[in-house]
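Here are my notes on the model you sent. Keep the structure open beside them as you read.

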Amino acid sequence: MKTWQAMSSFPVSKNVSRMQSSATMAAMQAAQTLRAAGVNVCDFGAGEPDFDTPENIKQAATAAMKAGRTKYTSAGGIREIQRAIIDFYQREFETEFQPSEVMATAGGKQAIFNAVVTLIDPGDEVLIPKPYWVTFPEVVVFAGGTPVFIETEETDFVLNVEQVERAITARTKLIILNSPSNPSGRVLPPNEFRRIMELTTERGIYVVSDECYLRFVYPPAEVFSAASLPTELRARLCIAGSFSKTYAMTGWRVGYALAPADWTKAMLKVQGHSTSNTNSIAQWAAVEALNGPQDSVARMLAEYTARRAWLLPALCDIPGISCAQPEGAFYAFPDVRGCLKNGMKTSADFAQRLLEEEHTVVTDGAGFGAEGHVRISYATSIERIKEGVGRIRRLAEKINA
Ligand SMILES: Cc1ncc(COP(=O)(O)O)c(C=O)c1O
């Protein structure tokens, strides 16, 4: 009898064969397996808020269901979500977008996917500063493009215009920026952002600005959106935004793209033939998220601020570990090379020992293009952070004894 296994030589397409599986998913899987076995796990792997979605947002979803708002919407989303996004940018950054420049997507991820696949042809080069969010190179590869990585370690993972300029070739079509950054938490200073946008405008290079962590920035770093730049610097810009982190809505799958009308039109074509619209109920919830009270965002930011204030000095005090100050998002990205000894060669080895000996999950930096580092998500309670850092210290002291 034939089984699925017997027929499993599935001819995966070349585009998909070239893609790597997600390193962040692997960390989540490892945590789940241990937890299922009853182990007391400290999980610094998850890239999502540990808070519940605010009540007013849930109620808006309930009301939408009761009102029968459960049907297809247009591919770019309901008028109300487009309006709420436009109003937000008007309010916060004094920039006026047109409905033809806005589309709702299934998370920021789909906005990035849409933006890349509508622009990139085989042979095109796409600049990606290191360390990068794991999805960026994979989407570029899927589209047939060539990722060209920019090293930023010499500037503590903060990109500058000279580094971008050195990486540009005649084939450069796009650069993907991400500030605040996942995994480093570093923030591109507004001045430098502007200089990079001036350079890309001058060279005719397109820009995707992934602003999914826009609202989680720690002073003195400043909240900055490329949307606030003058119109002439935005002619080749697509902003990818998300409700996932800001409103603790990762499972709802709502994000958006803001881009010139012709780019948006192409993205609508892709989305219309793939997922159609994002979930109609979640769109109504997102309208409430943007238009309703914002105190939950402030509360989450205050909590992340307190965790970060405890975490950073504690991490830097561990023998063999150093860490640049994250200025946004909810990640620290320590350098663990001082712990790579006695047979341990890579940050993956370090992460594995931490998992096996201390039941503590971190994500290996190699998947983000920064071997020698690990990502620690502090989207978990301060008690778990203290326990987990204690475990990391114990392993580091053992290694360095
Ligand atoms: C840098 C960055 N961009 C985009 C996303 C996508 O988020 P979502 O698709 O949930 O909006 C994430 C999620 O982890 C992220 O870290």
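1. First, a term. Helices, of at least four residues, and strands, of at least two, are DSSP runs numbered from the N terminus. Keep in mind that this is a predicted model.

2. Next, the polar pairs. Asp210 places a polar side-chain atom 2.5 Å from a nitrogen atom of the ligand. For Ser242, a polar side-chain atom lies 2.5 Å from an oxygen atom of the ligand. The side chain of Lys245 has an N or O atom 2.6 Å from a ligand oxygen atom. How much of the ligand's accessible area does the protein cover? On its own, the ligand has 390 Å² of accessible area, and the protein covers 93% of this.

3. Turn to Ala257. This residue is found in strand E8, residues 255-258. Is Ala257 buried or exposed? Its relative accessible area is 1%. Buried means under 20%, so Ala257 is buried. Beyond its neighbours within four places in sequence, Ala257 is in contact with several residues, among them Glu101, Val102, Met103, Cys238 and Met267. Arg166 is 91 residues away along the chain, and the C-alpha atoms of Ala257 and Arg166 are separated by 29 Å.

4. Compare a residue in a loop. Glu211 is found between strand E6 (206-210) and strand E7 (237-242). Glu211 has 2% relative accessibility, so this residue counts as buried too. Setting aside neighbours within four places in sequence, the contacts of Glu211 are Tyr89, Ser179, Ser225, Ala226, Ile239 and Ala240. Ile239 is also among the contacts of Ala257. Glu211 and Pro54 are 157 residues apart along the chain, with their C-alpha atoms separated by 21 Å.

5. Last, the whole chain. The domain assignment gives two parts: domain 1 (13-52 + 296-396) and domain 2 (56-291). Taken over C-alpha atoms, the centres of the domains are separated by 25 Å. How many residues of each domain are in contact with the other? In domain 1, 38 residues are in contact with 31 residues of domain 2.

Conventions
Residues are numbered from 1 along each chain as its sequence is written. This is a predicted model: local features need pLDDT of at least 70, side-chain atom pairs count only at pLDDT 80 or more; totals for chains, interfaces and linings use all residues. Side-chain values use heavy atoms; hydrogens and water are left out. Buried means under 20% relative accessible area, exposed over 50%, partly exposed in between (1.4 Å probe, protein chains only). Contact means heavy atoms within 4.5 Å. A polar contact is a pair of N or O atoms within 3.5 Å; within protein, one must be able to donate a hydrogen and the other to accept it, and residues adjacent in sequence count only if both atoms are side-chain atoms. Accessible areas come from the Shrake-Rupley method with a 1.4 Å probe; for residues, only the protein chains shown count as cover. Domain bounds come from an automatic or database domain assignment.
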